[in-house]
Every structure is written in C-alpha cells, then in structure tokens.
Amino acid sequence: MSADAMSEKLTGLWAKTRDSVLARVAVIESATDALRTGTLDADARAAAERAAHKLAGVAGTFGYWEAAEMAREAESAFEGTEPIPPMCVTQLSEIAVKLHAQLMVPPKSE
Amino acid sequence: MTKTVLIVDDDDDIREVGQLALELGSEWSVLTANSGETALALAKSGKPDAILLDVMMPEMDGPTTLIQLRADPSTCDIPVVFLTARVRTTERSTLAALGVAGVLSKPFDPLKLPDQVAEVLGWVVAT
C-alpha cells in the first residue's frame with residue numbers, strides 16, 4: 001500500500017469521523033466556559049479530561065500532530081481534582097479555538 | 001499463514017484507523033473489540049496471533065483485561081501490545097513490567113503501525 005493510497009483512505013475516514021472529533025472539542029469548550037464562570041463540576045471536568053485524552057489519541061493519528069499536543073495540554077489541565085489555576089482558563093480557551101480551527105481543515109498528506 | 005491481530009479500543013476512530021492501517025499495510029487479518037469484555041470473548045473464539053490493547057477503557061481497562069487473558073489457558077499465550085496515549089516514562093515502564101510484548105504510543109502513524117507492531121512481535125511484514 002502506497003503512502004498516497006493510505007492517505008486517500010484516511011481522508012475518507014476523516015470525513016466520516018470529523019464530527020465526533022469536533023464533539024470532543026465542544027466538551028472541552030463547554031468545560032472551559034464552566035471553569036470561567038466557576039460552575040465546573042467534577043463530572044464535567046472528568047468528561048473534559050476524557051475528551052481531551054481521546055482527542056490526543058485520534059488527532060495525531062490523522063496527521064494533526066499539533067492538535068494532538070494541544071489536546072494533551074488540555075488533558076493535563078483537567079486531570080485530577082486540585083483546583084485549576086485561573087491562568088489556565090485563558091490557555092484552555094485558546095486551545096479550544098485553535099483545536100476547532102485546525103480540525104476544520106482537511107488532513108494533510110505526509 | 002496470515003496473521004490475525006485483535007485491536008481493542010473503546011474509541012471507534014482509533015479502531016477504524018488501526019484496522020485500516022494493518023489491513024492495508026500488511027497481509028494480516030484484523031478483528032476489533034470495543035471493550036475488554038468483548039476482547040476476552042474474541043480472543044477465545046478468534047484465536048488472534050496478537051492483541052493490540054488500549055490501556056484506558058471504561059469498566060474493564062487494559063491491564064485488567066490483560067490479567068483476565070493471562071488467567072485463561074486458551075488465551076494466556078497470546079502476545080499483547082499495549083496502545084497508550086500516556087506518555088510519561090514511569091507509566092510506560094509500569095505497563096511494560098506487566099509482561100507484555102511491547103508498549104506503543106497513541107497517536108500512531110498509520111503508515112508506520114504495521115512495522116512497529118511487527119518489530120515488537122518479531123514478525124515480518126509482507127507488503
């Protein structure tokens with residue numbers, strides 16, 4: 001199987017899975033909004049951590065390596081039960097915006 | 001003889017990309033399972049030559065699934081490779097110490113996955 005053929009297959013698969021991936025970004029966005037307003041509960045925080053973890057795993061697999069790295073940062077921020085520092089709100093907001101923008105662009109061929 | 005690999009991951013996207021990568025990048029057959037419980041059943045019935053096992057899964061995680069596989073005489077000898085998005089060295093060492101053939105990272109490059117799997121298992125990839 002050539003790289004081109006694999007890339008074509010992956011692009012087709014991405015078209016099918018993009019919505020579920022973007023739904024994970026939405027979970028991170030929602031949790032970040034709740035964090036900003038002081039209403040983030042444990043369940044939403046855990047859901048955001050899971051979504052970021054899954055996103056980190058799948059985004060790079062489709063070639064979105066920078067998005068995968070940002071998802072890891074989000075996962076790390078939401079991990080655990082310690083209070084999340086206020087400075088993380090801005091960082092998480094920026095991550096959510098960048099994730100959304102990057103994942104809207106079709107995957108690049110290697 | 002064609003090898004059969006069982007991919008276990010609760011994430012639909014990872015299972016699909018993994019299956020695509022292994023089927024197109026090698027001559028292996030691929031089975032998939034979305035949970036540890038399904039994996040145990042498929043390991044018994046499908047007799048795969050190796051299992052790629054996600055670490056973080058709800059209900060039955062990867063290490064627990066591994067223990068169950070090892071406790072069953074019909075599946076105890078199947079080589080297992082962990083797939084993990086955890087990148088900390090200590091966590092990877094802990095996983096490796098559980099007696100698996102190897103630990104591979106997520107995200108993975110689909111073009112390289114067959115070679116990575118073959119390398120940890122000592123297989124030859126026929127393309």
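What follows is a chat about a predicted model with chains A and B.

Biologist: What elements does chain A have, and how many of each?

Modeller: Chain A has four helices and zero strands. From the N terminus on, the order is α-α-α-α.

Biologist: What does the C-alpha trace of chain A span?

Modeller: Along its principal axes, the trace spans about 50 × 20 × 20 Å.

Biologist: How many of the residues in chain A are buried?

Modeller: Chain A has 110 residues, and 36% of them are buried.

Biologist: And its contacts, how many join residues at least 24 apart?

Modeller: Take the contacts in chain A between residues at least 6 apart in sequence: 67% of those join residues at least 24 apart.

Biologist: Let's do helix packing. At what angle do helix 2 and helix 3 of chain A pack?

Modeller: First, some background: a packed pair of helices is described by two values, the angle between the axes and the distance between them. For helix 2 (residues 42-61) and helix 3 (residues 65-78) of chain A, the angle is about 160 degrees and the axes are 8 Å apart. An angle over 145 degrees counts as roughly antiparallel, so helix 2 of chain A is roughly antiparallel to helix 3 of chain A.

Biologist: Is that crossing left-handed or right-handed?

Modeller: The crossing of these two helices of chain A is left-handed.

Biologist: Which residues make the contact?

Modeller: On helix 2 of chain A they include Arg45(A), Ala48(A), Glu49(A), Ala52(A) and Ala56(A). On helix 3 of chain A they include Trp65(A), Ala68(A), Ala71(A), Arg72(A) and Phe78(A). By class, the contact has eleven nonpolar, two polar and four charged residues.

Biologist: Why might residues three or four places apart turn up together?

Modeller: An α-helix has 3.6 residues a turn, so residues with that spacing point the same way.

Biologist: How far does helix 2 of chain A reach?

Modeller: Helix 2 of chain A has 20 residues and reaches 29 Å from its first C-alpha to its last. That is close to the 28 Å expected at 1.5 Å a residue. Just after this helix, Gly63(A) takes a positive phi of about 100 degrees.

Biologist: What about helix 1 and helix 4 of chain A, how do their axes cross?

Modeller: The axes of helix 1 (residues 3-36) and helix 4 of chain A come within 9 Å and cross at roughly 160 degrees. That makes helix 1 of chain A roughly antiparallel to helix 4 of chain A. The crossing is left-handed. Among the residues in contact are Val21(A), Leu22(A), Val25(A) and Ile28(A) of helix 1, with Val89(A), Leu92(A), Ala96(A) and Leu99(A) of helix 4. The classes are ten nonpolar, three polar and three charged.

Biologist: Where is Cys88(A)?

Modeller: Cys88(A) is in helix 4 (residues 87-104) of chain A. Cys88(A) is partly exposed, because 18 other C-beta atoms lie within 10 Å, and a residue needs 20 or more to count as buried. Cys88(A) and Phe78(A) are ten residues apart in sequence, and their C-alpha atoms are 9.6 Å apart in space.

Biologist: Switching to chain B. At what angle do helix 2 and helix 3 cross there?

Modeller: The axes of helix 2 (residues 36-46) and helix 3 (residues 62-71) of chain B cross at roughly 25 degrees and come within 10 Å. These two helices of chain B are therefore roughly parallel to each other. The crossing is right-handed. The contact involves Gly36(B), Ala39(B), Leu40(B) and Ala43(B) of helix 2, and Thr64(B), Thr65(B), Gln68(B) and Leu69(B) of helix 3. By class, that is four nonpolar, four polar and no charged residues.

Biologist: Which residues other than glycine have a positive phi in chain B?

Modeller: Two examples. Lys47(B) has a phi near 45 degrees; Lys47(B) lies in the loop between helix 2 and strand 3 (50-54) of chain B. Glu59(B) has a phi near 65 degrees and is found in the loop between strand 3 and helix 3 of chain B.

Biologist: Is Glu59(B) buried or exposed?

Modeller: Glu59(B) is exposed, with 10 other C-beta atoms within 10 Å. Lys47(B) is partly exposed, with 13.

Biologist: Where is the cis peptide bond?

Modeller: It joins Lys106(B) and Pro107(B), with omega about 0 degrees. Pro107(B) is in the loop between strand 5 (102-105) and helix 5 (113-121) of chain B.

Biologist: Last one: how many residues of chain B are in contact with chain A?

Modeller: 16 residues of chain B are in contact with 19 residues of chain A. The chain B side has ten nonpolar, two polar and four charged residues.

Methods
Residues are numbered from 1 along each chain as its sequence is written. Chains are lettered from A and ligands numbered from 1 in the order in which they are written. This is a predicted model: local features need pLDDT of at least 70, side-chain atom pairs count only at pLDDT 80 or more; totals for chains, interfaces and linings use all residues. Axes are lines fitted to C-alpha atoms, for helices over the stretch in contact, and angles run from 0 to 180 degrees between N-to-C directions. Angles under 35 degrees count as roughly parallel, over 145 as roughly antiparallel, 65 to 115 as roughly perpendicular and the rest as oblique. A crossing is left-handed if the near helix is turned anticlockwise from the far one by less than a right angle, and right-handed if clockwise. Two residues are in contact if their C-beta atoms, placed from the backbone, lie within 7 Å. Ala, Val, Leu, Ile, Met, Phe, Trp, Tyr, Cys and Pro count as nonpolar, Asp, Glu, Lys and Arg as charged, and the others, Gly among them, as polar. The expected span of a helix is 1.5 Å times one less than its number of residues. A residue is buried if 20 or more other C-beta atoms lie within 10 Å of its own, exposed if 12 or fewer, and partly exposed in between; C-beta atoms are placed from the backbone.
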